[in-house]
Amino acid sequence: MQQFSVDAARALGGPDWLVARRVAAAEAITTAELPTTVEEVWRYSRIGELDLNRFRPVPVEELNEPGDERAPGGGPWALEVGAHAGMLVVRDGRVVRHELDPSLEAQGVRVCDIATCGVDADVQAAFGSVVADGADYFTDLNDAFTPGGALIWIPDNVVIADPIVVLHWCEGDGEVSFPRTLVRMGRNSEATVLERFGSPSTDHLVDAVAELIVGDNAQLRYLSIQEHGSKTWHIGLQRAHLGRDAHLKTAAVALGGDYARLRAEARLDAPGAESEMVAVYFGDQNQMLDFRTLQDHVAPRTRSDLLFKGAVEDTATSVYSGMIRLREDAQKAEAYQTNRNLVLTKGASAESIPNLEILANDVKCSHGSTVGPIDDEQRYYLESRGIAPQDAERLIVLGFFDDVFARLPHGGLVGRLRKTVIDKIDRGVGV
Amino acid sequence: MTNQSQFEIRGVHATVAGFEILRGVDLTLGGGEVHAVMGPNGCGKSTLSHTLMGRPDYTVTAGSATIDGVELLGTPTYRRAQAGLFLAMQYPVEIPGVRVGDLVAAALTARGSEPSETRLNLEAERLAVRDEFLTRGVNDEFSGGEKKRVETLQLAMLQPKFAILDEIDSGLDVDALRDVARRVVAMTQEDGLGVLAITHYARLLEELKPDFIHVMMAGRIVASGGPEIADRLEAVGYEGLAKELGVTELTVNKPVASGKFEDPTIAANPFADPFA
């Protein structure tokens, strides 16, 4: 594939360290094959439908320079997220605007484009370190072609109340973009990061990678919202490493896209680390929403909790495949995982595959999953109050999601997200 | 207060999973009246309430049920509710995430009424429903008493013409039973609510003081009258009364259904002494 050649990767330019990384990754790609559904992590997916040849990387001349303010979404989206401490606007994977509260800048916080803001050796070392282990085809592809990406670097002891937002707009028809995010939380720091992805209804492939490094005793709340147009494909990897007594809360909301996949992983590297993962997803029409999660307990006395809730209607499908891994040293660890799915119409389907791999002998662990239609008794109860079937269904589905909405790290967008869910329910063809 | 509303049930036959449970039920209720339907477990009492409300797996094979001339049978459940019927369920289902306040607001909106938080809070106070239950999911981890108080709260908020209380006394302690019954009695007097109370215990009758008592056996009303019927039942029990009436069948010995809508009263021992 000419468009993904080593030369094409090299031509993207930028600092030497980044070019060297790109070239190495592009070389790895030249001999690699696209994954297939034979691999467990791609089972049930639509990877077999992907013809990478149809997509070309967004060329340099179309990426535009930092400071380009034509990025749609920056305006209304920025308003919707409300007060924020910093913002990055990313168009087709390229950071086109970044801003940060000056008082935070003075404390050493960095919110900028990795490719252009003159990062030091620490940042260079951190970049790619989280996803290096077991990199797959799409991680390598992102490594080879990312224009740079969003850097959110929080020094030790810095506490930020308002969120830092990253607004991604992916629009090139027939193009593939490579958004990249690196969040690094220093010791005892606290912050909220909100990433929001959107696209018009263009034939676009997003290959996104987010690395989250949560240092000792740091707290990160991270929310990613995916509201792509109906033809967009999204293949995302989000992986976190947690230090001693670090606390990470990640939330994913997935509503858009044609095929949209998120692999969300947290590795608990040191005692006392805690990870909480929640997600809301709603697929309609012919969408497929695909989640692969990993709660990876390396150290003793670590804790993880996961709650993913989804609904599908029309002919949409969803996949949830979750792994809890408790390694040999993870004694006294606690890990919980729950996946619940509502299947609202006969043509829709949901797969739920929980997995456990327990190598330690003194742990607490549970997992559960459900897939089913709206409970007839619940529907009858509401209808017996005079509520019409469609309104009853809407109440039940919103009620089903509400405990996750209540747990989102940034509540400001809940009203809007609920509205999108309501629109999807109301658009549905019904049973 | 009484009003002109009429709830007329004529010759209702109904089947569940192909088995006939109701075998010709006739009842007439007027606004403001309190009727009690008593009968042994398995006689079809709960089936009557769900048949009238239109539970999807209950099939009406004959008969009619009208409120002020509007036919209910054959229409969807929510239409029956909007026509003025309410069913306080014996086993109210839990709906996590759907708050009681939201349910009531949606139900009021559906019948063209204005939701009122002030009125909701007032009713909650009258029924000793604590604020937290208004913002929790419907029946979500409620105790038996809380469930029945909240059923009654919904009844009071929705102001139907007729309410069926399906064993509203089950799972209630004495205080809750009194609170619920007093609120219902007040509605009959103040709003002209007509009540069809289904029970097999006499305790509820002491509080509700029904105007009419009907005894149901094997899917039919076999006796109707005033409070003297309850006294007779107290004295001789269902079997004794059946003998006096020359009724041979007390219950419908339906095979226990395996579907989701299994009627729990059918599975219970049909010959248990209801006053034990």
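Two strands pair if DSSP finds at least two bridges between them. Helices (H or I, at least four residues) and strands (E, at least two) are themselves DSSP runs, numbered from the N terminus. In chain B, strand β1 (residues 6-16) and strand β4 (residues 58-67) run antiparallel and are joined by eight bridges. One of the residues concerned is B:Glu8, whose bridge partner in β4(B) is B:Thr66. These strands belong to an open sheet of four strands, ordered β2-β1-β4-β5 (chain B), with antiparallel pairing. At its edges stand β2 (19-30) and β5 (70-71) of chain B, each of which pairs on one side only.

The model is predicted: local features need pLDDT of at least 70, side-chain atom pairs count only at pLDDT 80 or more, and totals for chains, interfaces and linings use all residues. Residues are numbered from 1 along each chain as its sequence is written, chains are lettered from A and ligands numbered from 1 in the order in which they are written, and side-chain values use heavy atoms, with hydrogens and water left out.

## Parallel strands in chain A

Strand β18 (residues 317-326) of chain A pairs in the parallel sense with β16(A) over ten bridges. Strand β20 (residues 349-358) of chain A also pairs with β18(A) in the parallel sense, over ten bridges. Two positions illustrate the pairing: A:Phe291 stands opposite A:Tyr320 in β18(A), and A:Val319 has A:Glu351 as its bridge partner in β20(A). Eight of the ten residues of β18(A) are buried, where buried means under 20% relative accessible area, exposed over 50%, and partly exposed in between (1.4 Å probe, protein chains only).

What surrounds A:Gln295? This residue lies in strand β16 (residues 288-297) of chain A and is buried, with a relative accessible area of 1%. Contact means heavy atoms within 4.5 Å. Beyond its neighbours within four places in sequence, A:Gln295 is in contact with residues including A:Ala266, A:Met277, A:Leu306, A:Met323 and A:Tyr336. A polar contact is a pair of N or O atoms within 3.5 Å; within protein, one must be able to donate a hydrogen and the other to accept it, and residues adjacent in sequence count only if both atoms are side-chain atoms. The side chain of A:Gln295 makes such a contact with the side chain of A:Ser304 at 2.9 Å, and another with the side chain of A:Gln337 at 3.4 Å.

## Salt bridges

Side chains of opposite charge can pair when their charged atoms come close. A salt bridge is a side-chain nitrogen of Lys or Arg within 4 Å of a carboxyl oxygen of Asp or Glu. Over all chains, the whole structure has 53 salt bridges. The table gives some of them.

| Pair | N to O distance |
|---|---|
| A:Asp143 and A:Arg180 | 2.9 Å |
| A:Arg407 and A:Glu276 | 3.0 Å |
| A:Arg394 and A:Asp391 | 3.1 Å |
| A:Arg385 and B:Glu151 | 2.7 Å |

A:Asp143 and A:Arg180 form a salt bridge that links distant parts of the chain, 37 residues apart: A:Asp143 is in helix α7 (residues 137-145) of chain A and A:Arg180 in strand β8 (residues 180-185) of chain A. Both A:Asp143 and A:Arg180 are buried.

A:Arg407 and A:Glu276 form a salt bridge; A:Arg407 lies in the loop between α9 and α10 (414-427) of chain A and A:Glu276 in strand β15 (residues 274-283) of chain A, so the pair ties together parts that are 131 residues apart in sequence. A:Arg407 is partly exposed at 23% relative accessible area, whereas A:Glu276 is buried at 17%.

A:Arg394 and A:Asp391 are separated by about one helical turn because they are three residues apart in helix α9 of chain A. A:Arg394 is partly exposed, with a relative accessible area of 22%, and A:Asp391 is partly exposed at 30%. Elsewhere, A:Arg21, A:Asp143, A:Arg180 and A:Glu211 are joined into one network by salt bridges that share partners.

## Between chain A and chain B

The two chains bury about 2100 Å² between them, 64% of it on carbon and sulfur atoms; buried area is the accessible area (1.4 Å probe) that two parts lose on being put together, summed over both. A:Tyr380, A:Tyr381 and A:Arg385 supply 38% of the area that chain A buries against chain B, more than any other three residues. The contact takes 19 residues from chain A and 33 residues from chain B.

Two salt bridges are counted between the chains, among them the one from A:Arg385 to B:Glu151. Ten residue pairs are in polar contact across the interface (both at pLDDT 80 or more). On the side of chain A that touches chain B, α8 (376-383) and α9 (389-406) of chain A are the elements that give two or more residues, and α8(A) has the largest share, seven residues.
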